[in-house]
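Biologist: I have a model open and would like to learn how to read it, one feature at a time. Where should we begin?

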Amino acid sequence: MMKVALEHHKAGRRKEARDLYMEILIDDYNNADVWHLLGLIELDEGREEGFEMMHKALQLAPNSPIFHANLAHHYKHRENYKKAIEHFLCSYELLPRLEILFEVALLYQILRLPEKALHCYEIIIAKNPSHSQALNNIGVIYAQKGEWNIAQAYFQKALEVKPNYEDACKNITISTNQLQE
């Protein structure tokens, strides 16, 4: 039954998937995967009870990095950035992936916590020196501090990694103009 439910879910047939997930829960009420998947459907359809379902899944499987990451994405989408960071960090602690740490850094920037964002980006660059977005965003943080020489160096590094990176191109132009003033 789970296999069929997943096929429906992947194909976008949410009602059919939801019905099968509910049937599975009748026999296996503590199935964390089903609670999680059901919560995803509910949240994708704009129903807040999806958060309760996803939290139920986390109660049953607190060490699931995927559950934490998916929940974080939904909190981020609803602009609850502090909750999003909390769950992204849990996911990262359980399974350190750079894309999750990048999400945390972006949220720190949104919350105007540049030092925390910078710390995350520096970890990313230490592990992947070719991460053009992290290089560019470090430059943005230094530009916001008025440290245009440092900012420009990071924008240049981002362009060396990804020559047609539009944001870095715009940012290097801005930093060049600032340095010429």
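Modeller: Begin with burial: a residue counts as buried when its relative accessible area is under 20%, and as exposed when that area is over 50%. Keep in mind throughout that this is a predicted model.

Biologist: Is leucine 43 buried or exposed, then?

Modeller: Leucine 43 has 3% relative accessibility, so it counts as buried. The residue belongs to helix α3, which covers residues 32–44.

Biologist: Which residues is leucine 43 in contact with, leaving aside its neighbours within four places in sequence?

Modeller: Its contacts are Glu48, Gly50, Phe51, Met54, His74 and Arg78. Take histidine 74 from that list: it is 31 residues from leucine 43 along the chain, yet the two C-alpha atoms are separated by 7.4 Å.

Biologist: How do I read the sides of a helix?

Modeller: An α-helix has 3.6 residues a turn, so residues three or four places apart point the same way. Now apply that to helix α1, residues 2–10, where the buried residues are Ala5, His8 and His9. They cover an arc of only 100° around the axis, so they sit on the same side of α1.

Biologist: Which residues are exposed on the other side of α1?

Modeller: Lys3 and Lys10 are exposed there. The cover over the buried residues of α1 includes α2 (14–27) and α3, the helix that also holds leucine 43.

Biologist: What about α7, and how does its length compare with what it should span?

Modeller: Helix α7 has 13 residues, which at 1.5 Å a residue should span 18 Å; the C-alpha atoms at its ends are 18 Å apart, so the two agree. Its buried residues are Ile100, Leu101, Phe102, Glu103, Val104, Ala105, Leu107 and Tyr108. The elements covering them include α5, α6, α8 and α9.

Biologist: How should I read the phi angles after a helix?

Modeller: Most residues other than glycine have a negative phi, and most peptide bonds are trans. After α1 comes glycine 12, with a positive phi near 85°. After α7 comes arginine 112, a residue other than glycine, and its phi is also a positive value, near 60°.

Biologist: Where does arginine 112 lie, and is it buried or exposed?

Modeller: Arginine 112 is in the loop between α7 (98–110) and α8 (114–127). At 72% relative accessibility, it counts as exposed. Glutamate 79 is another case: its phi is positive, near 60°, and it is not a glycine. Its place is the loop between α5 (65–77) and α6 (81–94), and its relative accessible area is 58%, so it is exposed.

Biologist: How is a pair of aromatic rings described?

Modeller: By the distance of the centres and the angle of the planes. The structure holds 4 aromatic pairs. One of them joins tyrosine 142 and tyrosine 154, and it is stacked, with 6.0 Å centre to centre and 5° between the planes.

Biologist: Which parts does that pair tie together?

Modeller: Tyrosine 142 is in helix α9 (residues 132–144) and tyrosine 154 in helix α10 (residues 148–161), so the pair ties together parts 12 residues apart in sequence. Tyrosine 142 counts as buried, at 13% relative accessibility.

Biologist: What lies over the face of tyrosine 154?

Modeller: Lysine 157 does, at 4.8 Å from the ring centre.

Notes: Residues are numbered from 1 along each chain as its sequence is written. This is a predicted model: local features need pLDDT of at least 70, side-chain atom pairs count only at pLDDT 80 or more; totals for chains, interfaces and linings use all residues. Side-chain values use heavy atoms; hydrogens and water are left out. Helices (H or I, at least four residues) and strands (E, at least two) are DSSP runs, numbered from the N terminus. Buried means under 20% relative accessible area, exposed over 50%, partly exposed in between (1.4 Å probe, protein chains only). Contact means heavy atoms within 4.5 Å. Rings of Phe, Tyr and Trp (its six-membered ring) pair if their centres lie within 6.5 Å; planes under 30 degrees apart count as stacked, over 60 as edge-to-face and the rest as tilted. A charge sits over a ring if NZ of Lys or CZ of Arg is within 6 Å of the ring centre and within 35 degrees of the ring normal. The arc is that of the directions from the helix axis to the C-beta atoms. The expected span of a helix is 1.5 Å times one less than its number of residues.
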